[in-house]
Amino acid sequence: DIASAELVDTVLMSLKQGFSYMTKHLKGCYIPFPPLLQKKHRDEEYQCLLTISGKSRTARLADNAMLLAALVEYTDTTNDKTYVYWILELAEYIQGSFVEAGGDPQYQNLEPNSFVHSVQQPLYVKRGIPVSNQGDDFPESEAAFALLRLVHVFRKRSISVGEHDHHETTPKLVQWHRIAHLSVEQTITNHKQKQSQQFVNNSGERQQLMPDPWLMQAIAQLSLLTEKQHEEEADEEEDFQLTSEMVQYAVQSIHTISLFQVQDINTEIVSRGGLKTLKQSSASVMAMLANGLCPLHRLLATGISHKGRDDSLSTYLDIMVLATLYLLPLQIQPETSMFLPHDATRAIGGWRYSTIQEESSSTTRDSDASLADISTLHTINAANAIACTQEILKQESKIVIQ
């Protein structure tokens with residue numbers, strides 16, 4: 001209808017304005033780890049998103065991966081190939097940040113099959129300088145997800161990687177698929193090691209690590225790519241298919257989140273569906289986890305996870321429904337925003353972090369405290385998780401939440 005069409009136009013305009021802003025911050029970056037077999041390109045620049053502070057220029061893996069994922073999603077949704085050049089440049093830069101096992105000997109002190117998280121880009125130095133692998137929660141899995149999403153969309157849309165040579169496309173997509181697969185495997189291995197080092201609580205149980213939402217999304221993309229390979233009887237990426245360890249991680253993540261989630265029917269309604277251990281910040285983390293769980297439905301529903309526990313699908317559905325029922329009342333509506341003391345219209349549609357109003361740590365002014373309780377990223381995670389639950393319930397022929 002007309003209203004829907006106007007909304008779509010508004011959203012697309014907003015996206016284009018956002019991409020226009022971000023592409024202004026894409027600058028030439030020297031990749032930190034050029035492949036040994038491509039020495040002639042060792043000083044080649046690729047475009048990457050830079051954080052610039054004074055004379056310091058830093059490329060953060062998480063920023064570039066999320067921009068890549070957003071551009072790929074836009075291209076898939078609209079079939080508009082305006083941003084293909086930027087997509088390819090970002091993918092090349094992310095590939096150049098990958099440290100592969102058995103690669104250049106001078107990088108053997110770094111963890112193999114992983115990405116460098118932060119790279120300084122000096123103005124007059126012909127190489128990026130790795131400076132940190134700290135500061136972001138899930139950069140490895142964000143990068144893997146973005147590359148896998150790129151591979152899937154470019155294949156589905158038959159988008160060429162080479163400007164003139166279509167024969168360049170398949171090898172390059174295989175390369176990105178391979179890197180992402182190795183990264184997912186290594187991230188799961190790292191998670192297992194961290195889990196084994198977790199402390200044992202008073203009940204004699206080992207404390208569970210919270211699952212990685214972007215790793216779950218990456219596994220779902222690998223599952224989809226494996227499914228497509230089987231349909232097309234392709235064998236060129238035989239080693240990059242979904243593994244039992246990946247399925248096991250996905251299934252375990254579902255049951256771990258179920259343990260953290262408040263599901264007791266005797267619990268007060270405002271807390272049910274949130275997380276037991278995080279109190280006020282529960283909504284933000286629950287939205288992020290539900291968003292990560294979202295694409296796993298296909299993996300569970302198609303029986304790929306048959307080696308996991310039989311109740312995984314029902315547990316998954318319980319988590320998503322309870323998370324939705326928990327998040328919905330936290331959205332700021334016109335009737336609740338009227339009580340905010342300053343510029344209330346900016347808050348409408350956003351999601352609070354909690355059922356309890358938290359005060360701002362930087363100021364005691366009521367206006368700042370009221371608006372500090374929402375954020376754009378939290379709102380995106382919450383909205384996407386709720387929309388995803390709606391779609392899943394339709395597929396499962398359940399009652400749709402109004």
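The following legends describe close-up views of a predicted model.

View A. Thr389 belongs to helix 13, which covers residues 376–395. Because its relative accessibility is 2%, Thr389 counts as buried. The side chain of Thr389 makes a polar contact of 3.0 Å with the side chain of Thr324. Apart from neighbours within four places in sequence, the residues in contact with Thr389 are Met320, Val321 and Thr324.

**View B. Helix 3 and its covered residues.** Helix 3 comprises 13 residues, 84–96. The distance from its first C-alpha to its last is 18 Å, close to the 18 Å expected at 1.5 Å a residue. Helix 3 is mostly covered, with 11 of its 13 residues buried. Val84, Ile87, Leu88, Leu90, Ala91 and Ile94 are among the buried residues. The buried set also includes Glu89, Glu92, Tyr93, Gln95 and Gly96.

**View C. Strand 3 and its two antiparallel pairings.** Strand 3 (residues 56–60) runs antiparallel to strand 2 (residues 45–53), and 4 bridges join them. Within this pairing, Ser53 is found opposite Ser56 of strand 3. Strand 3 also pairs with strand 6 (residues 118–120), again in the antiparallel sense, over 3 bridges. Here Ala59 stands opposite Val119 of strand 6.

**View D. The aromatic pair of Phe145 and Trp214.** The model contains 6 aromatic pairs, counting rings whose centres lie within 6.5 Å. One of these is formed by Phe145 and Trp214, with 5.4 Å centre to centre and 50 degrees between the planes, a tilted arrangement. Phe145 lies in helix 4 (residues 139–156) and Trp214 in helix 6 (residues 213–232), so the pair ties together parts that are 69 residues apart in sequence. Both partners fall below the 20% limit for burial: Phe145 is buried because its relative accessible area is 7%, and Trp214 counts as buried at 18% relative accessibility.

**View E. A cluster of aromatic rings.** Phe19, Tyr74 and Tyr83 are linked into a cluster by ring pairs.

How values were computed. Residues numbered from 1 in each chain as written. Predicted model: local features only at pLDDT ≥ 70, side-chain atom pairs only at ≥ 80, totals over all residues. Heavy atoms only, no water. Buried < 20%, exposed > 50% of the residue type's maximum accessible area, 1.4 Å probe, protein only. Polar contact = N/O pair within 3.5 Å; in protein donor to acceptor, adjacent residues only side chain to side chain. Contact = heavy atoms within 4.5 Å. Expected span 1.5 Å × (residues − 1). Pairing = 2+ DSSP bridges. Phe/Tyr/Trp six-rings, centres within 6.5 Å; stacked < 30°, edge-to-face > 60°.
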